Amino acid sequence: MPAEDHALKLYTYYRSSAAYRVRIALNLKGLPYEMVPIHLSKDGGYQRKPEFRTINPQMRVPVLALSSSDVLTQSLAIIEYLDDIHPEPPLLPADPLARAKVRAVAQTIACDIHPLNNSGTLQYLKNTLKHAQSEIDAWYHYWIIEGFNALEPMIAPAPYACGAQVTLADICLVPQVANARRFKVPLDAFPKLVAAEQACLKLSAFDKARPENQPDAE
Ligand SMILES: N[C@@H](CCC(=O)N[C@@H](CS)C(=O)NCC(=O)O)C(=O)O
């Protein structure tokens with residue numbers, strides 16, 4: 001087992017869906033990790049404090065610090081690193097076509113949906129551009145529904161998003177659906193997304209990673 005395994009430190013925030021992805025992956029791999037909560041809104045956001053900025057100049061969570069003193073950012077890069085170092089259980093299928101399809105689901109969420117709806121984007125709309133809360137809610141709902149309309153035909157729950165094994169697709173899907181629920185987006189039009197989400201939430205790796213089960217949950 002590589003040395004990093006004994007001292008993984010995850011900079012996280014209970015409501016961060018990108019950090020939620022990494023918590024799920026660490027739990028699926030059975031890797032112990034210390035959590036360092038970074039509150040993203042209190043006192044202007046602890047991600048913007050100089051101490052954290054030196055850790056991640058992008059001022060975002062998640063960050064995974066290894067005992068080697070290497071610091072990893074970007075949830076998908078972190079998860080693929082964990083999958084490379086600890087191949088069991090695999091988070092990507094072996095077959096190149098299936099792999100590409102799983103990555104397409106993951107990237108639709110992580111690259112196209114989530115950036116439009118993350119806390120920094122919503123705070124900018126509110127605090128800098130002075131949009132009313134109703135406009136911000138409309139923005140949020142619009143982009144989630146656009147994204148979920150694209151995702152629904154991309155998955156085939158059996159019972160997980162891309163088949164009988166949990167993959168990176170599920171790891172990205174569950175936090176994004178949780179986020180949509182939090183913002184009260186109706187999910188009736190997305191039975192496949194909800195079915196895959198519900199199947200995953202029966203697994204302790206997902207349950208343990210839920211926002212409400214985090215030590216920093218409010
Ligand atoms: N693409 C990044 C997204 C990271 C990200 O946007 N994290 C959000 C929380 S989900 C954050 O730290 N936001 C703080 C801010 O924007 O000020 C990843 O997948 O790790």
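Predicted model: local features only at pLDDT ≥ 70, side-chain atom pairs only at ≥ 80, totals over all residues.
Colleague: Which residue has a backbone N or O atom 2.7 Å from a nitrogen atom of the ligand?

Modeller: Among the residues that come nearest to the ligand are Gln 47, Arg 60 and Gln 74. The backbone atom asked about belongs to another on that list, Val 61.

Colleague: How far is a polar side-chain atom of Ser 119 from a nitrogen atom of the ligand, and what share of the ligand does the protein bury?

Modeller: The Ser 119 atom lies 3.4 Å from that nitrogen. Taken alone, the ligand exposes 520 Å². The protein buries 91% of that.

Colleague: Which element gives the largest share of the shell around the ligand?

Modeller: The ligand takes up the space of the largest pocket. Two elements give two or more residues to the shell: α1 (17–29) and α5 (119–128). The largest share is three residues, and it comes from α1.

Colleague: How many residues of the shell are polar?

Modeller: There are 16 residues around the ligand. Four are nonpolar and three are charged. The polar count is nine.

Colleague: Is Ser 119 buried, partly exposed or exposed?

Modeller: Ser 119 sits in helix α5. Buried means under 20% relative accessible area, and exposed means over 50%. Ser 119 has 33% relative accessibility, so it counts as partly exposed.

Notes
Residues numbered from 1 in each chain as written. Heavy atoms only, no water. Near = heavy atom within 4 Å. Polar contact = N/O pair within 3.5 Å; in protein donor to acceptor, adjacent residues only side chain to side chain. Areas by Shrake-Rupley, 256 points an atom, 1.4 Å probe, with all protein chains shown as cover. 1 Å grid on protein atoms, 1.4 Å probe; cavity = no way out; pocket = protein on both sides within 12 Å on 5 of 7 lines; lining within 4 Å. Sits in = over half its atoms within 2 Å of the grid points. Helix = DSSP H or I, 4+ residues; strand = E, 2+ residues; numbered from the N terminus. Nonpolar A, V, L, I, M, F, W, Y, C, P; charged D, E, K, R; others polar. Buried < 20%, exposed > 50% of the residue type's maximum accessible area, 1.4 Å probe, protein only.
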